[in-house]
Amino acid sequence: MNTTVNEANARLKVAISEAAQRLRNAMREATTGLIDRDHLAELMILAAVAQEHVLVIGPPGTAKSAVVRRVAQSLGGQYFEYLLGRFTEPAELFGPVNLNKLREGTVETDIAGMLPEAEIAFLDEVFLGSTAILNSLLGLLNERQFRRGHTRIRCPLRICVGAANDLPEDEGLAAFADRFLLHVFIDSVPDAKLEDLLEGGWQMNRRQVSTCADLASLDVLNRAGPLVDMNAIRSDLAQAIRQLRQANISLSDRRIVKAQQLIAAATVLAGRQIASKADLWPLIYVIPTAMGQRNAREILRDTLAHAQHPLLHAVVEVASQQPMARLGRLLETADQLLAETDAVNKVKPVEALLREIDANFDQSSLPDALQERRQQLMGLLEAN
């Protein structure tokens with residue numbers, strides 16, 4: 001009996017690892033050419049595994065729609081995108097009333113190709129929707145159900161990304177914004193990376209995004225999430241919430257409870273079944289305001305010092321902004337440079353990486369895996 005259980009657990013672990021790696025490949029494919037947007041793509045994957053939604057706040061022209069569209073293309077599945085305005089009609093999102101049924105006295109909606117059939121959705125300027133639209137969206141986001149007239153259907157929606165330039169001040173709209181568990185704030189690419197932005201944008205327009213994963217990979221991880229053992233970090237999570245409350249950063253009970261789903265999703269994507277302190281970083285994105293997130297990083301500095309992830313490098317780094325959060329990216333970059341065959345052109349990138357490693361870790365705090373890569377990189381420089 002124990003042998004059978006062990007074999008089943010081993011198969012599940014392999015399936016989870018393979019699914020997570022396919023999603024990682026999809027994120028890489030989606031963000032090629034996009035500068036400083038990896039964390040948004042990774043946050044979409046985290047949300048999809050946790051079966052939650054993302055609200056993106058940032059100025060126009062910051063590639064919000066490009067990231068969502070490219071992630072959707074790389075994952076496959078039915079995609080729906082719409083830019084809302086003050087005069088957007090519900091039929092533009094949910095479909096028109098079926099006239100044939102209406103003549104028979106039945107009010108049914110023709111949802112073919114519309115939002116209720118979508119598996120991945122992007123709603124730009126989401127707060128401009130009318131009350132009728134937002135009320136219908138609440139049921140679709142919360143319960144994955146669409147109800148209108150005689151139409152009652154279960155929706156296949158995996159993740160909805162809403163976008164806006166700013167958070168709404170209106171209390172009614174703020175309550176709607178709260179239905180997006182993850183909030184992420186993005187800015188224009190900084191001056192220091194303008195050359196990268198220009199080069200990436202030029203290349204991106206000449207390259208089609210290929211499908212690297214499928215929604216079946218999400219299914220595997222969705223099923224694994226509720227099986228995660230959260231006992232080891234529940235006290236740490238509660239203590240982090242207390243620290244935030246003491247600093248007047250309040251979270252609703254609903255957001256606090258749901259934060260566990262994000263932590264479990266991060267654990268699963270890391271290939272583990274027991275959550276640890278390294279997985280507490282999603283709590284930052286549950287905080288609904290940009291100022292609250294900035295303050296929380298400092299308040300939870302000791303807790304976030306443990307943050308790291310083998311696949312979600314960028315989103316952890318943004319959340320924590322501490323050395324250990326950079327470990328995954330540094331290791332991956334080192335492996336890429338060590339695998340390259342063009343010795344001449346990789347001298348400057350190797351030097352830059354070594355400088356970043358030394359800036360983040362001293363000899364006593366340097367992890368063994370990074371110490372090994374550092375020695376190999378030093379050997380490359382000596383050979384050239």
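The largest pocket of this predicted model holds about 1200 Å³ of space, where a pocket is an open set of points, on a 1 Å grid over the protein atoms alone, at which a 1.4 Å probe fits and which has protein on both sides within 12 Å along at least five of seven lines. The volume is the space filled by probe spheres set on the points, and grid points are joined across faces, edges and corners. Local features in this predicted model need pLDDT of at least 70 and side-chain atom pairs count only at pLDDT 80 or more, while totals for chains, interfaces and linings use all residues. Residues are numbered from 1 along each chain as its sequence is written, and side-chain values use heavy atoms, with hydrogens and water left out.

**Lining of the largest pocket**

- The largest pocket is lined by 32 residues, and those closest to its centre are L34, D36, D38, K193 and R329; a lining residue has an atom within 4 Å of a point.
- Among the elements that give two or more residues to this lining are helix 1 (2-31), helix 2 (38-50) and helix 8 (194-204), a helix being a DSSP run of H or I with at least four residues, numbered from the N terminus.
- Helix 16 contributes the most to the lining of the largest pocket, namely five residues.
- By type, the lining consists of ten nonpolar, nine polar and 13 charged residues, where Asp, Glu, Lys and Arg count as charged, Ala, Val, Leu, Ile, Met, Phe, Trp, Tyr, Cys and Pro as nonpolar, and the others, Gly among them, as polar.

**Aromatic pairs**

- There are four aromatic pairs, counted when the ring centres of Phe, Tyr or Trp (its six-membered ring) lie within 6.5 Å, with planes under 30 degrees apart called stacked, over 60 edge-to-face and the rest tilted.
- F80 and Y82 form a stacked pair, because their ring centres are 6.3 Å apart and their planes stand at 10 degrees.
- F80 is buried at 7% relative accessible area, whereas Y82 is partly exposed at 24%; buried means under 20%, exposed over 50% and partly exposed in between, with a 1.4 Å probe and protein chains only.
- F176 and F180 have ring centres 5.8 Å apart and planes at 85 degrees, so this pair is edge-to-face.
- F176 is buried at 4% relative accessibility, F180 is buried at 0%, and F127, F176 and F180 make up one aromatic cluster.

**Around R301**

- R301 lies in helix 14 (residues 301-304) and is partly exposed, with 38% relative accessibility.
- Although R301 and S320 are 19 residues apart along the chain, their C-alpha atoms are separated by 7.6 Å.
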